[in-house]
2 protein chains.
Amino acid sequence: MGTDEAATRQKTAPRRRQLSVDDYVQGVLEGDRVILARTITLVESNSAAHLETAQEVLKQLLPHTGKSIRIGITGVPGVGKSTFIEAFGCHLIEQGHKVAVLAIDPTSSRTKGSILGDKTRMELLSREPNAFIRPSPTGGVLGGVSRKSKETTLVCEAAGFDVVLLETVGVGQSETMVRSMVDFFLLLMLAGAGDELQGIKKGIMELADAIVINKADGDNIAPAQQAKAEYNRAVHYLAPATQGWQTKAYTCSALNNDGVAKIWAVIEAFRQQTTASGVFENRRRAQMVDWVHSIIKEQLLTQFYSSLAVQQALPGIEADVANGVLPATSAVKALLNSFENDKEDK
Amino acid sequence: MGTDEAATRQKTAPRRRQLSVDDYVQGVLEGDRVILARTITLVESNSAAHLETAQEVLKQLLPHTGKSIRIGITGVPGVGKSTFIEAFGCHLIEQGHKVAVLAIDPTSSRTKGSILGDKTRMELLSREPNAFIRPSPTGGVLGGVSRKSKETTLVCEAAGFDVVLLETVGVGQSETMVRSMVDFFLLLMLAGAGDELQGIKKGIMELADAIVINKADGDNIAPAQQAKAEYNRAVHYLAPATQGWQTKAYTCSALNNDGVAKIWAVIEAFRQQTTASGVFENRRRAQMVDWVHSIIKEQLLTQFYSSLAVQQALPGIEADVANGVLPATSAVKALLNSFENDKEDK
C-alpha cells in the first residue's frame with residue numbers, strides 16, 4: 001500500500017527539476033515569474049542545505065538590485081490596507097511601473113497561517129501581469145522574517161520590479177523592522193477611531209513619512225479632514241522620520257480611488273528631494289550596514305539563549321533576581337559561565 | 001628624588017585601611033557616610049580585583065534595598081536642573097526624607113570631567129546631613145555607567161535613603177537607560193524655547209510620567225501656562241509611560257520655590273496608585289530581570305566587537321556591504337567565523 005501510494009505520487013506530481021545557481025539567476029533577471037517564485041522560496045528556506053545556494057544566487061543578483069523605491073505600509077486591521085494597496089498598486093501599473101507586494105507578518109508563525117498577502121484580498125492587482133504578490137514568510141522570530149523579506153526585496157528588484165511595497169500589521173515591533181528596510185514609510189489611519197482604538201503603539205507615528213487617513217468617503221469626509229488637521233498638529237511634536245522631510249497627513253478613499261494619485265506624487269517628491277540631498281543613498285547604505293550588525297546581534301543572542309545549560313539555569317536565576325536575593329551582575333556571571341561550559345563540552 | 005617624593009606621600013597621605021566585606025556592609029547599613037562613599041567607589045571600580053568584593057557586598061545589602069522611590073530627572077542644559085533638584089531636595093528633607101542625588105552622564109568619559117553632580121551647583125542641598133550627592137561614574141560605555149548607577153542606587157537604599165533622584169542630561173540614549181532604572185520619570189522643559197531648541201529627541205516625551213515647565217516666574221508665567229496647555233494636548237498622542245497613569249504637564253519656578261511641593265504630591269499620588277494596582281512592584285521586578293538580559297547582551301556584543309580578528313575584518317566587510325558587492329548574510333558569516341577562530345586560538 002505504502003509503495004503504491006508513493007508510486008502514484010511520483011507519477012502524478014513529478015519532482016520539480018533541481019535548478020542550478022545559474023538557472024535561478026538567469027530566470028530572475030529575465031523576469032520569469034515561476035523562477036522568481038522558486039528563488040524566493042529558496043531564499044526563505046530554513047533548511048541549511050539551501051543556504052549556500054541561496055547566498056550564491058543573492059551574490060550574483062546583487063549588482064542588479066537597488067533600483068526600486070521601497071515603500072513600507074502599515075496600519076491596524078480594519079484600516080483598509082488591502083483596498084489601499086490594490087488601488088495604489090493598480091494606479092502605479094497604469095503609470096507603467098512593475099509592483100511587488102510583500103507581506104510581513106511576524107505573528108504568522110504563531111497563528112500558522114498568514115492573514116497578509118492573501119491574493120484573494122487584492123483580486124484586481126493579482127491579475128495584473130506587472131504585479132507580484134507574495135505572502136509573509138514564516139519562520140519564527142522577527143529577525144528571521146526580516147532577513148527573508150529583505151532578501152526577497154532584492155530578488156524582486158533584480159527581476160525588474162521598480163516599486164516594492166512592504167505591507168505589515170500595525171501591532172508592535174514589526175513597524176520598526178519595516179522602517180529599517182524601506183525608503184518611505186506610510187502609516188494608514190482612520191478618522192475618529194481614537195488613538196487607543198487604532199492600536200497606535202509608542203513611536204509609530206514618528207516612523208512615518210506620510211500619514212494617510214483612509215476611508216475619507218461619504219459621511220466620513222468631514223471627520224477625516226479634522227483628523228488630518230489633528231495629525232498635522234501632532235507631527236509638530238515629533239522628530240522627522242527622514243532628515244529634511246516634513247511628514248504630513250493626507251486623506252484618501254481607496255474605495256473610490258480618490259487621493260491615491262496624490263500619495264504617489266508625494267512619494268515621488270520625497271524621492272527627488274532626498275536623492276538630491278543625498279539622504280536617500282546614505283540611508284540605503286546605512287541600512288545595509290545596520291542590517292549586518294543586527295543579524296550579528298541576533299545570532300549571538302540566539303547562540304546564547306538556545307544553549308541548553310542557559311535554558312536550564314535561566315528560570316531559577318530570573319526568579320532569584322526578581323525576588324531580590326541575587327544581584328544582577330552575579331546572575332549574569334553565572335549564566336555566561338553556563339554558556340561557556342556548554343560550548344566547551346561540545 | 002622619586003623615592004623622597006614617595007616617602008613624603010606616604011607620610012602625608014597614609015593608605016586608607018583596607019575594608020572587609022563586613023566593614024562595608026555594616027558601615028552602609030549604619031548610614032556611615034564615609035563608608036557609603038567608599039562602597040560606591042568600590043562598586044564603580046573597573047578593576048577586576050574589586051569585582052568579587054563588590055558583588056559580595058551587594059549581595060549582602062540586597063535584602064535592605066528597594067524601599068526608596070526612584071525618580072529620574074532629565075532636561076537639556078539651561079533648563080534649570082540643578083536649581084530644581086536643590087529646591088525639590090530641600091523640600092523633601094523638610095518633609096523628613098533622606099535624599100540621594102546620583103548624576104548619570106554617559107558623555108563624561110569623553111569630556112573627561114562630569115558636568116553633573118558638581119556639589120557646588122547645589123550648595124544648600126549639599127550641606128544637608130540628610131542629603132547625599134554623587135557625581136556621575138565614568139567608565140566609557142553607556143552600559144557601564146548604567147550598571148554602576150543602578151548598583152549605587154541599591155547601596156544608597158541600604159544606607160536608608162528613601163528618595164533617590166537620578167539626574168541625567170537630555171541628550172539621547174541616556175533617558176531610555178534612566179527610564180529603565182526608575183519608578184517615576186520627570187521631564188523638565190522650558191516655555192517658548194521650541195522643541196528643536198530644547199533638543200527633545202525622538203520619544204523622550206513618551207517616557208515621562210510628568211512634564212514640568214520650569215522657570216515659570218516673572219514675564220515667563222504666561223508662556224509657561226501656554227506651554228503647559230500645549231504639552232497636555234501633545235501627551236494625548238502618546239502612549240502612557242506608565243500603565244494606568246495619565247502623564248500631565250505642570251509649571252514650576254524652582255528659583256522661587258513655587259510649585260515644587262505640587263510635584264512631590266503628584267509623585268506621591270503616583271506611588272499610591274501604582275502600588276495599589278501592582279504596576280509599581282511589577283515594573284520593579286521586570287526592570288531587574290530586563291537588566292540581567294541587557295547586561296548579557298552588552299557582554300556578548302563586547303566580546304564579539306573587541307575581538308581583534310573582528311576588528312581587522314570589519315572595515316573592509318562594511319565597505320563591501322555598503323557598496324552592494326557582498327550580501328549581508330555572507331558578511332555575517334565571515335565575521336562570525338573570524339570571531340570563532342579568534343576564540344579558539346586563545
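**Chat on the sheet, the interface and the salt bridges**

Biologist: What is the bridge partner of Ile71(A) in S5(A)?

Modeller: In S5(A), Ile71(A) has Phe184(A) as its bridge partner. Please keep in mind that this is a predicted model.

Biologist: Noted. How many bridges join strand S1 of chain A to strand S5 of chain A?

Modeller: There are four, linking S1 (residues 69–75) with S5 (residues 184–189) of chain A, and the two strands run parallel. Within S5(A), Leu187(A) is the residue opposite Thr74(A).

Biologist: And how many bridges join S1(A) to S4(A)?

Modeller: Seven bridges connect S1(A) with S4(A), and this pair is also parallel. In S4(A), Val164(A) is the bridge partner of Arg70(A).

Biologist: What order do the strands of the open sheet in chain A have?

Modeller: The sheet has seven strands in the order S3-S2-S4-S1-S5-S6-S7 (chain A), and the pairing is parallel. Strand S3 (131–134) and strand S7 (248–251) of chain A are the edge strands; each has a single partner strand, so one side of each has no neighbour in the sheet. From one strand to the next, the twist averages 20°.

Biologist: Which strands does helix H5 of chain A touch as it packs on the sheet?

Modeller: Helix H5 (residues 81–94) of chain A touches S1, strand S2 (99–104), S3, strand S4 (163–169), S5 and strand S6 (210–213) of chain A. The direction of H5 makes about 175° with that of S4(A).

Biologist: Back to S1(A): how many of its residues are buried?

Modeller: Seven of the seven residues of S1(A) are buried, so the strand is mostly covered.

Biologist: Which residues of S1(A) lie on one side and which on the other?

Modeller: Ile69(A), Ile71(A), Ile73(A) and Gly75(A) lie on one side, with Arg70(A), Gly72(A) and Thr74(A) on the other. Both faces of S1(A) are covered.

Biologist: Could we have the wider picture? How many helices and strands does chain A come to?

Modeller: Chain A has 14 helices and seven strands. Of its 346 residues, 53% are buried. Among contacts in chain A between residues at least 6 apart in sequence, 76% join residues at least 24 apart.

Biologist: Changing topic, what area do chain B and chain A bury between them?

Modeller: Together they bury about 4,900 Å², with 65% of that area on carbon and sulfur atoms. The contact draws 50 residues from chain B and 50 residues from chain A.

Biologist: Which helices of chain B each supply at least two residues of the side that touches chain A?

Modeller: These are helix H4 (48–61), helix H8 (142–158), helix H10 (221–234), helix H12 (279–305), helix H13 (308–322) and helix H14 (328–345) of chain B. H12(B) gives the largest share of that side, 15 residues.

Biologist: How many salt bridges does the count come to over all chains?

Modeller: The count comes to ten salt bridges over all chains. One of these joins the side chains of Asp183(A) and Arg284(A), at 2.7 Å from N to O.

Biologist: Where do Asp183(A) and Arg284(A) lie in the chain?

Modeller: Asp183(A) is in the loop between helix H9 (174–179) and S5 of chain A, while Arg284(A) is in helix H12 (residues 279–305) of chain A. The pair links distant parts of the chain, 101 residues apart.

Biologist: Is Asp183(A) buried or exposed?

Modeller: Asp183(A) is buried, as is Arg284(A).

Biologist: What about chain B: how do Asp209(B) and Arg179(B) meet, and which parts does the pair tie together?

Modeller: Their side chains form a salt bridge at 2.8 Å, N to O. Asp209(B) sits in the loop between strand S5 (184–189) and strand S6 (210–213) of chain B, and Arg179(B) in helix H9 (residues 174–179) of chain B, so the pair ties together parts 30 residues apart in sequence. Asp209(B) counts as buried because its relative accessibility is 0%, and Arg179(B) is buried with a relative accessible area of 9%.

Biologist: And how do the side chains of Arg127(B) and Glu123(B) meet?

Modeller: They meet in a salt bridge as well, at 3.6 Å from N to O. Arg127(B) and Glu123(B) are four residues apart in helix H7 (residues 123–127) of chain B, so about one helical turn separates them. Arg127(B) counts as exposed at 58% relative accessibility, whereas Glu123(B) is partly exposed at 48% relative accessible area.

Definitions and conventions
Residues are numbered from 1 along each chain as its sequence is written. Chains are lettered from A and ligands numbered from 1 in the order in which they are written. This is a predicted model: local features need pLDDT of at least 70, side-chain atom pairs count only at pLDDT 80 or more; totals for chains, interfaces and linings use all residues. Side-chain values use heavy atoms; hydrogens and water are left out. Two strands pair if DSSP finds at least two bridges between them. Axes are lines fitted to C-alpha atoms, for helices over the stretch in contact, and angles run from 0 to 180 degrees between N-to-C directions. Contact means heavy atoms within 4.5 Å. Buried means under 20% relative accessible area, exposed over 50%, partly exposed in between (1.4 Å probe, protein chains only). Buried area is the accessible area (1.4 Å probe) that two parts lose on being put together, summed over both. A salt bridge is a side-chain nitrogen of Lys or Arg within 4 Å of a carboxyl oxygen of Asp or Glu.
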